[in-house]
Amino acid sequence: MSDFIEIKNLVKRFDISGGLLEEIRFKGGIHRKKTVVHALNGVSFGIKKGETVSVVGESGCGKSTLARCVIRIYRPESGEVLYNGTRVDNLSSSAIKPWRAKMQMVFQDPYASLNPRMTVYQTLLEPIRFHFPNVSRSEADDRVATVMKQVGVDPDWRKRYPHEFSGGQRQRISLARALAVKPEFIIADEPIAALDVSIQAQILNLFMDLQEEQGLTYLFISHDLSVVEHISNRVVVMYLGSLCEFAGTEQLYTDPKHPYTRALLSAIPRFGSEGFNHLRLPGDVPTPINLPTGCVFHGRCPHADERCRREVPALITAADGRVVACHGVEEGRLEWL
Amino acid sequence: MRFFKKITGSNLFYNFLRDPMAIGSATVLLFLIVASFGAPLFAPHNPYDQTTIDIMDAELPPIWTGAADADSRFLLGTDPQGRGMLSTMLYGMRVSVLIGVGAVVLQSLIGIIIGLIAGYKGGRLEALLMRLADVQLSFSTYMVAIFISAVFQGIFGMGVYSDYALGLLILVIGFAEWPQYARTVRASVMAEKNKEYVEAARVIGLPQWRIMFRHILPNTMTPVLVISTVQVANAIMSEAALSFIGLGMPPSQPSLGSLIKSGFDYIASGSWWISLFPGIALVVLILSINLLGDWLRDYLNPKLYKD
């Protein structure tokens, strides 16, 4: 089965140098210096129809940027995003309109993701009227009621404003807005991170039920490793804007290959284990403004050698389908671990 | 009726009823506005009607002074042209308020659109528009207004100027102060545009103008409302100042400012009432607007809670 969503070599940089005046440097003559954050450095992976792929990694590793590049809130510097074989990242804003209805996004903060000046009804009606202008008013009203029921919000509440709802209810409404245009693919950018633990489970179950009912495909961004293990088919591990490992959930959780994945997974608290016996990585995450040469992880990797410091590791697909970007794994010198 | 219910049931109204300063200033302001816009109904005579004016009535003192020439028709005395001060002030206040509100409408239209575009688009366009605003701000309102009024009077003569003075003043004061709005709106747009509901609107694929006007603009109106009150007061004062130096409303359609000016020449000769009463009216008008604006700002910005 070929990939439904294909992400190829996505690169995104942010210019944070501000205005022209702030760029000017006087060291050794006057010249312009741009300060650039390397948010994504060539990320590639694919998502099959109907599956859930999760992206994990620590704060600032580019998870959200990846989501926003795929859904075209940001335009990537280079690389491609293919939807069902069609390239969508380079379409003009009018040409992309049909794909906008097929790809939707749910955001992290339920308090910021709904317009405070619009009622639930207005919020849900807007995408329907925009993408299906020929739909009659009553059909659109029905659609609003349907999606509200689907996410478990009483349609009688449609005249209310977002501030009259709790966080969990708002997240449901956010999801309803995404579902309103009948999408096939939903990107969820940490949709449960801002919620209470008891509500997290409800929203997760809602996500999974909807996937079952409507055959949705998810790209799920999270930093909660146990949630990811619970809901995803495959997992992408990212570090400093680069993909470290991409593998089936069970494969990854039982037998991580990349040294960073191993360190990350060892940090999950387990029942029955005594004390903390996670792998400690020395140092801090380097700044994405001046990326390390070679492998982005080499400064903290216990197995780094000369080649890691020099050469950026390519993505290698192993026989079991997993993708790893690590010289050590490629050379086989990490196998004994 | 439902609208009325909605207003009386709102937090704004509740807060208003518990703030004596707000009630006081709103009452005074309402009184002044009703009196000035109802001037044709309330005023003892019409100062624009040349036939009712008699030059022999000029400079009569207010009736309570007990002076021999005080006339019972003119409660507050008369101005140098024989118009009753009370009637002239009521009509004059109407002119002042019209100019103030008109100039603010113009300012806010220009300022909101420029600020919205600059804040949302960012980049070079923003830099260009905001530097333009800086340039505009670096000229004082009075300088721009004096320049334009003087040139207009010079080219078209006083007669034509009198006919268009009201519109011209609105234009001049409106254009001179738009950067206030542009800066305020831009600042709030920049805070709003990175919120997730704007990203959600972009994910839906809504056109930029729709995101700007339907999603962002309504969420940036709070500070606009607050500066509008201050700006109305400012515009009225600008107009009064311009009239005072003879570049505002002509003596035939006096505003509060031109009334003050026309009495200024007579203060030394004992006719103090011609300047004093319009002056008091101007101060009370500005003060009530500013106090109301102060209350509105405090209400809309809970971070400024006083004890």
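The model is predicted; local features need pLDDT of at least 70, side-chain atom pairs count only at pLDDT 80 or more, and totals for chains, interfaces and linings use all residues. Residues are numbered from 1 along each chain as its sequence is written, while chains are lettered from A and ligands numbered from 1 in the order in which they are written.

**Exercise 1.** Determine which residues of helix α3 of chain B are buried and where they sit around the axis.

*Solution.* Step 1: helices (H or I, at least four residues) are DSSP runs, numbered from the N terminus. Helix α3(B) spans residues 20–37, 18 residues in total.

Step 1: a residue is buried if 20 or more other C-beta atoms, placed from the backbone, lie within 10 Å of its own, exposed if 12 or fewer, and partly exposed in between. The buried residues of α3(B) are S25(B), L32(B) and S36(B). They lie on the same side of α3(B), because their arc around the axis is only 30°, taken from the directions from the helix axis to the C-beta atoms.

Step 2: the face turned away from the buried side carries the exposed P20(B), T27(B), L30(B), F31(B) and V34(B).

**Exercise 2.** Describe the contact between chain B and chain A.

*Solution.* Step 1: two residues are in contact if their C-beta atoms, placed from the backbone, lie within 7 Å. Chain B supplies 14 residues and chain A 20 residues.

Step 1: on the chain B side, helix α8 (residues 196–204) gives the most, with 7 residues.

Notes:
Helix = DSSP H or I, 4+ residues; strand = E, 2+ residues; numbered from the N terminus. Expected span 1.5 Å × (residues − 1).
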